[in-house]
Amino acid sequence: MENTSTPTHCPYCALQCGMNVSPAPGGVDVAGRAGFPVNRGALCGKGRTAGAVLSSRVRLTSPLVRSGDGTLVPASWDEALDRIAVGLSSARRSYGPDACGVFGGGGLTNEKAYALGKFARVVLGTSQIDYNGRFCMSSAAAAGTRAFGLDRGLPFPLEDIPRTGCVILVGANPAETMPPSLRFFSELRENGGTLIVVDPRRTRTAEEADLHLAPRPGTDLALALGLLHLVVAEGRTDEPYIQERTVGWEEARAAAMAHWPEYVERVTGVPVPQLREAVRMFCEPSAAMVLTARGPEQHSKGTDTVGAWINLCLATGRAGRPLSGYGCLTGQGNGQGGREHGQKADQLPGYRKLTDPAARRHVAEVWGVDPDSLPGPGRSAYELLDALGTDIRTLLLMGSNPVVSAPRAAHVEERLRSLDFLAVADVVLSETAALADVVLPVTQWAEETGTTTSLEGRVLLRRQALTPPAGVRSDLHVLHRLAARLGAEKGFPTEPEEVFDELRRASAGGPADYSGITYRRLAEEEGVFWPCPAAATPASAHPGTPRLFLDRFATEDGRARFTAVAHRASAEEPDAEYPLLLTTGRVVSQYQSGAQTRRVDELNTAAPGPFVELHPRLAARLGAADGDPVAVVSRRGRAVAPARVTPAIRPDTVFMPFHWPGEGRANTLTNPALDPTSRMPEFKTCAVRVEALRPRG
């Protein structure tokens, strides 16, 4: 057979592993691409089986519309799009443009995210647009912008990790969430460096660490401040660096000194000797890094928590220097690009602020509209979902499954059901799509061309490798045809490269400047790191920026900002009725809401359903054995799943993965209390009780 393999990238996490895809009898062949520097040919089980989701056995192949008897039935594309256009125009006519909501996803390509934001603001005229990435990286993005003037997940390539001296990995479990990345941390230790893992559970990643700190959920802020206190007390600050490259140190130092070690031990449960050892390991080498993930970020104080870890880096001179710095392990496949080009409530393409008059003028000129016609900032993701059926009457949703992934999920499901009209575009019939009035089957991953931006800030080209089924269209096609029905005959091309070229112009001069990046360069260079401004001539093309902040930070004066923060309690603490803490997360064989991975037999065999992780002492007190059904109850609802008894978790904490719907839906329990800056919900801690149930049968 002729070799028709196409080089592309994985549809799942923000590593965006390189892979080769080719048609095969009865399916698709997927193989790791050895030449791509991030995964070097390695793939996790999700990536290796990604082609299974493209099977017509599991994916959507025809539009569906809600019939008179309440069921979803196949329909033509014209009928489906006509219904959506009527639903959107009716809401605008009756209630105004902000009655139309738009909800995007961190898995959409840059082209789709850009076009979706433009469609919302230009065609619908609505301010009510946000995306599920708000639930992932928004606290880290807010803290990074506040400290450095710019948010890019990692300000350096992953290849720098093995060459630093120490990494503190806070609330991250890459051994399960992005397995091919674990080798960077293994190589760090092989090279003589050390790994410190901060996690209330002894995860697979924590098993690899030189030091594991297991704080009580919701106390990462106190932990970071306690470490900074010790850095100051032991004379380990880098005073010349602080003087030359930062501002705000006096206030931040004073705040940290209120968090003495014994107090931090009482709050976090981390013993003082471990605190001192962590400071020694972090400060002794000439270079070190702090990397955070959802653990410290998904809190009502997530921005301040990340800010405290950034303060630790700044005080020790570990930011804006080679092989050092703070970084965020972005989660979703295009979580980075998705927050740069306009599907966030407060943002325009190029990571421009929607409230900045100059930004509005620039983007409006590219779009050919009056700057005053662009709406202002709208609601954040949870606030938008909470307003469904009241202020927002119609919703267009692309690439997200909030019935499973949103906090207080039963309430969000109720809000979705209360809408006058719901349209969903997705590759599968997710739990959210099953509630819709119209469902559109759209291309994904290997069936389309487009760009994504990895957690490194590396812009990548996904190439189309397969022809989609006859009844399937791209999201760009959907927006083009909807725009035409709503009066915008031009401005929404269906060719991804044409959309990207417009995105380049819209981003030019912005913080996330893609203007010097072309499809041709992406194909030839294995990606380009932004910012990459356009050059005057091809011969002087900008090389991209793999490493940020080496000369100056992206603030007006070039200096990084300390932020004075203090520990505070979580929005919901245990009490007599709800004496335990729940924390949530992922498992290696499922991904996010599971809408795609739960349709892959091999992955379901490895991870067939939800569970509740309990410490043996808690299990004994409850009278629950391993495998027995238990109920976890919060102020928002009740979830039931089998017990998994393990000493790998704190006795005061239980853990549930959030990939499943139904009675085991973890997000039925979670707290939508929001961070005041990032508007991140508090997924990672809430008060619960656990009840042992009689074994079924």
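This is a predicted model: local features need pLDDT of at least 70, side-chain atom pairs count only at pLDDT 80 or more; totals for chains, interfaces and linings use all residues.
Residues are numbered from 1 along each chain as its sequence is written, and side-chain values use heavy atoms, with hydrogens and water left out.

The chain contains 24 helices and 30 strands. Here helices (H or I, at least four residues) and strands (E, at least two) are DSSP runs, numbered from the N terminus. The chain is as compact as a globular protein of its length, because its radius of gyration of 24 Å is close to the 26 Å that the globule rule gives for 697 residues. That radius is taken over C-alpha atoms, and the globule rule is 2.2 Å times the number of residues to the power 0.38. Along the principal axes, the C-alpha atoms fill a box of roughly 75 × 70 × 60 Å.

Of the 697 residues, 64% are buried. Buried means under 20% relative accessible area, exposed means over 50%, and partly exposed lies in between (1.4 Å probe, protein chains only). The chain exposes about 23,400 Å², and carbon and sulfur atoms supply 49% of this area. Accessible areas come from the Shrake-Rupley method with a 1.4 Å probe, and for residues only the protein chains shown count as cover. Among contacts with a separation of 6 or more, 74% are between residues 24 or more positions apart. A contact means heavy atoms within 4.5 Å.

Next come the pockets. On a 1 Å grid over the protein atoms alone, a pocket is an open set of points where a 1.4 Å probe fits, with protein on both sides within 12 Å along at least five of seven lines; lining residues have an atom within 4 Å of a point. Grid points are joined across faces, edges and corners, and a volume is the space filled by probe spheres set on the points.

The largest pocket holds about 740 Å³ of space. Its lining has 29 residues, and T145, G149, Y351, K353 and P511 lie nearest its centre. Helix α4 (138-148) and strand β15 (352-353) each supply at least two lining residues, and α4 gives the most, with 5. By class, this lining has 8 nonpolar, 10 polar and 11 charged residues. In this count Ala, Val, Leu, Ile, Met, Phe, Trp, Tyr, Cys and Pro are nonpolar, Asp, Glu, Lys and Arg are charged, and the others, Gly among them, are polar.

The second largest pocket holds about 400 Å³. It is lined by 22 residues, with E176, R204, V587, F611 and R644 closest to its centre. The elements that give two or more residues to this lining are α7 (204-207) and β26 (637-645), and β26 gives the most, with 3. This lining divides into 11 nonpolar, 4 polar and 7 charged residues.

C166 is in strand β8 (residues 166-170) and is buried, because its relative accessible area is 0%. C166 and G193 are 27 residues apart in sequence, yet their C-alpha atoms are 5.3 Å apart. Not counting residues up to four places away in sequence, C166 touches T194, I196, M281, F282, P285, A287, A288 and M289. G165 is in the loop between α4 and β8 and counts as buried at 16% relative accessibility. G165 and S286 are 121 residues apart in sequence and 6.8 Å apart in space, C-alpha to C-alpha. Beyond its neighbours within four places in sequence, G165 is in contact with L188, G193, T194, P285 and A287.

R201 lies in the loop between β9 (194-198) and α7. At 12% relative accessibility, R201 counts as buried.

Finally, there are points of backbone geometry. Most residues other than glycine have a negative phi, and most peptide bonds are trans. The peptide bond from W530 to P531 is cis, with omega near 0°, and P531 lies in the loop between β21 (528-529) and β22 (560-561). W445 has a positive phi, near 50°, and is buried at 2% relative accessible area. R679 also has a positive phi, of about 65°, although it is not a glycine, and at 24% relative accessibility R679 is partly exposed.
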